[in-house]
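Here are my notes for your first look at this model. Keep the structure open and check each point as you read.

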Amino acid sequence: MGSMRLLAAVLALLVSTVTPAHADPRIVGGVVVDDAEEAPWMVALTTPQGHQFCGGALVGPHEVATAAHCVHGRLPGSIVAVGGRLDLRTGGGSTSLVAAFRLVEGYTAPSSGKDIAVLTLSEPMPYRPLPIAASTAYMGGSVGAVYGWGRQAEHDTNKSPLLHKAHLPIVPDEQCAATYPQFDAGSMFCAGYPGGEIDACTDDSGGPFVIDGRLAGIVSWGTGCARPNMPGVYTRVATYLR
Ligand code: 4AZ
């Protein structure tokens, strides 16, 4: 029933698109996650051939939250969700085809907001889902953790098969608005350090930003990766899901 509520909540608000930024690496400046218990809800989105292209988070037995720009233009049946597998070279965990997905109505591109999608899996996954954060979670300075298999540097095309994570502080909305003209505090938030160095990057898109054990953000866009004064922009999940 949690998933029913989630579906209902997903809403009314479904539809949309995103503009990924370019960036640094698979999680730039992060560390390897080696304990599966730490992120049981982490999902990799891959092609049928096994190529990882985005992250996601289990939010119900059959539901994965990810970025709209990760799935927009793809056929659901061409997306494979992989759960319970930290090292993508292995065959561990479980996989499921995506039966369907919903976008927020009006989605066009990441930098226009609404960069969220909820995928319905053909097969349930036996892992603990990630609860959704409250709308009060987005205080400037609050620290969260972002997870992904993306690049480790903006121009790094070598991807690691190991899940990485990095801790980052939320940037106050006014500050992010001053950095990015397209920033919209209703649908996005920013996280990062003034000096850069730690960030999400290409192929981390769709992955979770977790605050106090709850899904607060989804990797969406930004200018480059880990550049000074160019924080990563995340979908403000509490605006869309509950
Ligand atoms: C991307 O291309 C991307 N530094 C994701 C996150 C960020 C930039 C680009 C944020 O998917």
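This is a predicted model: local features need pLDDT of at least 70, side-chain atom pairs count only at pLDDT 80 or more; totals for chains, interfaces and linings use all residues.

1. Start with a pair of residues. Ala 65 has Val 118 in S7 as its bridge partner.

2. Strand S4 covers residues 63-66, and its pairing with S7 is antiparallel, over four bridges.

3. S7 has another partner. Strand S6 (residues 94-102) also runs antiparallel to S7, and four bridges join them. Find Ala 100 here: Thr 120 in S7 stands opposite.

4. Is S7 mostly covered or mostly open? Mostly covered: S7 spans residues 117-121, and four of its five residues are buried. As background, side chains in a regular strand alternate between the two faces of the sheet.

5. Move to a loop. Thr 47 lies between strand S2 (42-46) and strand S3 (52-60). Why does Thr 47 count as buried? Its relative accessibility is 13%, and the cut-off for buried is under 20%.

6. Which residues touch Thr 47, apart from neighbours within four places in sequence? They are Phe 53, Arg 74, Ser 78 and Val 80.

7. Finish with the whole chain. It has three helices and 13 strands. Of its 242 residues, 55% count as buried. The accessible surface is about 9,800 Å², and carbon and sulfur atoms hold 55% of that surface.

Key
Residues are numbered from 1 along each chain as its sequence is written. Side-chain values use heavy atoms; hydrogens and water are left out. Helices (H or I, at least four residues) and strands (E, at least two) are DSSP runs, numbered from the N terminus. Buried means under 20% relative accessible area, exposed over 50%, partly exposed in between (1.4 Å probe, protein chains only). Contact means heavy atoms within 4.5 Å. Accessible areas come from the Shrake-Rupley method with a 1.4 Å probe; for residues, only the protein chains shown count as cover. Two strands pair if DSSP finds at least two bridges between them.
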